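Hi everyone, thanks for coming along. I'd like to walk you through one protein today, so please have a look at the picture, and then we'll start with a single pair of residues.

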Amino acid sequence: MQFDMAYVWTILPDLLRYVPITMLMAVLAMVIAVALGLLLAVVIKSKTPILVQLSGMYISFFRGTPVLVQLFIIYFGLPQIYEGFNSISAFNAVILGLSLNTSAYLAEIFRAALDSVDRGQLEAGYSVGMSYPALLRRIVLPQAVVNALPGTGNIFIGMIKNTSLAFTLGVTELLAEGKMLSSSSMKFFEVYFVVGLIYWALTIVYSRLQAWLEHRLSKPYNR
């Protein structure tokens with residue numbers, strides 16, 4: 001077998017056309033997941049028994065079952081329970097499924113980040129008359145964001161790769177286009193090799209951006 005480099009250059013533009021769709025799904029799902037994860041972390045920190053138990057069940061379910069199963073439950077299963085879900089598109093089902101799954105992991109990251117802030121700083125803030133919202137805004141959140149960024153970034157990299165599951169619901173994205181190209185040409189190695197390189201390039205670019213952001217945000221604490 002000979003690697004067909006000419007074919008690689010031919011399909012590359014077709015595959016790159018679907019990178020924006022892949023990134024759009026990843027970004028939208030991540031935004032929702034961050035909001036849900038932060039809410040779960042705050043609920044857990046509240047120590048309200050019933051809310052903590054419900055949050056624990058949510059986190060346990062979405063961390064303990066495969067993402068693909070969750071996507072199938074949302075897209076194929078929920079419409080059987082409630083007809084209103086029949087109107088949900090495959091694209092929206094993917095975003096919903098990925099955001100729910102990812103929020104369960106982010107909740108633990110955010111909770112640990114909030115716990116990492118020294119209580120002595122909170123007591124010092126209270127001693128000078130700062131309110132709790134002011135403490136959150138000026139002391140807790142800036143440090144928690146820095147501490148949570150590495151873990152959150154790793155989760156986002158996983159999110160980019162998990163968007164490849166969207167093709168199972170019929171969404172045409174990067175991997176789905178690769179599957180169609182390989183089926184029509186029978187050049188499976190070339191197609192999937194290029195698809196893998198594109199995913200790799202996306203993670204490298206994001207990793208560089210994350211490293212820059214971590215360095216930028218940590219400057220006030222390195223003096």
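Let's begin in helix H5, where Arg 111 and Asp 115 both sit, 4 residues apart, or about one turn of the helix. Helices here are DSSP runs (H or I, at least four residues), strands are runs of E with at least two, and the numbering goes from the N terminus. Why does that spacing matter? An α-helix has 3.6 residues a turn, so residues three or four places apart point the same way.

Before I go on, a word on what you are looking at: this is a predicted model, where local features need pLDDT of at least 70, side-chain atom pairs count only at pLDDT 80 or more, and totals for chains, interfaces and linings use all residues. Residues are numbered from 1 along each chain as its sequence is written, and side-chain values use heavy atoms, with hydrogens and water left out.

Back to our pair. Arg 111 and Asp 115 form a salt bridge, with 3.2 Å between the closest N and O atoms. By salt bridge I mean a side-chain nitrogen of Lys or Arg within 4 Å of a carboxyl oxygen of Asp or Glu.

Which residue forms a salt bridge with Asp 115 at 2.5 Å? That is Lys 45, with 2.5 Å between the closest N and O atoms. This pair links distant parts of the chain, since Lys 45 is in helix H2 (residues 19-46) and Asp 115 is in helix H5 (residues 90-115), 70 residues apart. Lys 45 counts as partly exposed at 36%, Asp 115 counts as partly exposed at 39%, and Arg 111 is partly exposed at 26%.

Now let's step back to the whole protein. It has 9 helices and 0 strands. Its C-alpha trace spans about 70 × 50 × 25 Å along the principal axes, and buried residues make up 39% of the 223 residues. A search of the whole structure finds 4 salt bridges.

One of the salt bridges joins Asp 4 and Lys 187, whose closest N and O atoms are 3.3 Å apart. Asp 4 lies in the segment before H1 and Lys 187 in the loop between helix H8 (174-185) and H9, so the pair ties together parts that are 183 residues apart in sequence. Asp 4 also has a contact at the start of H1, where one of its side-chain oxygens reaches to within 3.3 Å of the backbone nitrogen of Ala 6.

That brings us to H1 itself. H1 has 12 residues and reaches 17 Å from its first C-alpha to its last, close to the 16 Å expected at 1.5 Å a residue; the expected span is 1.5 Å times one less than the number of residues. Which residues of H1 are buried? They are Tyr 7, Val 8, Ile 11 and Leu 15. They cover an arc of only 95° around the axis, which puts them on the same side of H1; that arc is taken from the directions from the helix axis to the C-beta atoms. The face turned away from the buried side carries the exposed residues Ala 6, Trp 9 and Thr 10.

Keep an eye on Trp 9, which counts as exposed at 55% relative accessibility. Trp 9 is one of the residues in a nonpolar surface patch of about 830 Å², along with others including Phe 3, Met 5 and Phe 189. The elements giving two or more residues to the patch are helix H1 (5-16) and helix H9 (188-218), and H9 gives the most, with 5 residues. A patch is made of residues with over 30% relative accessible area and no salt bridge, where like charges are joined within 9 Å and nonpolar side chains (Val, Leu, Ile, Met, Phe, Trp, Tyr) within 5 Å.

One last stop: Met 186, in the loop between H8 and H9. Most residues other than glycine have a negative phi. Met 186 has a positive phi of about 65° although it is not a glycine, and it is exposed, at 58%.

Note on methods. Areas by Shrake-Rupley, 256 points an atom, 1.4 Å probe, with all protein chains shown as cover. Buried < 20%, exposed > 50% of the residue type's maximum accessible area, 1.4 Å probe, protein only. Polar contact = N/O pair within 3.5 Å; in protein donor to acceptor, adjacent residues only side chain to side chain.
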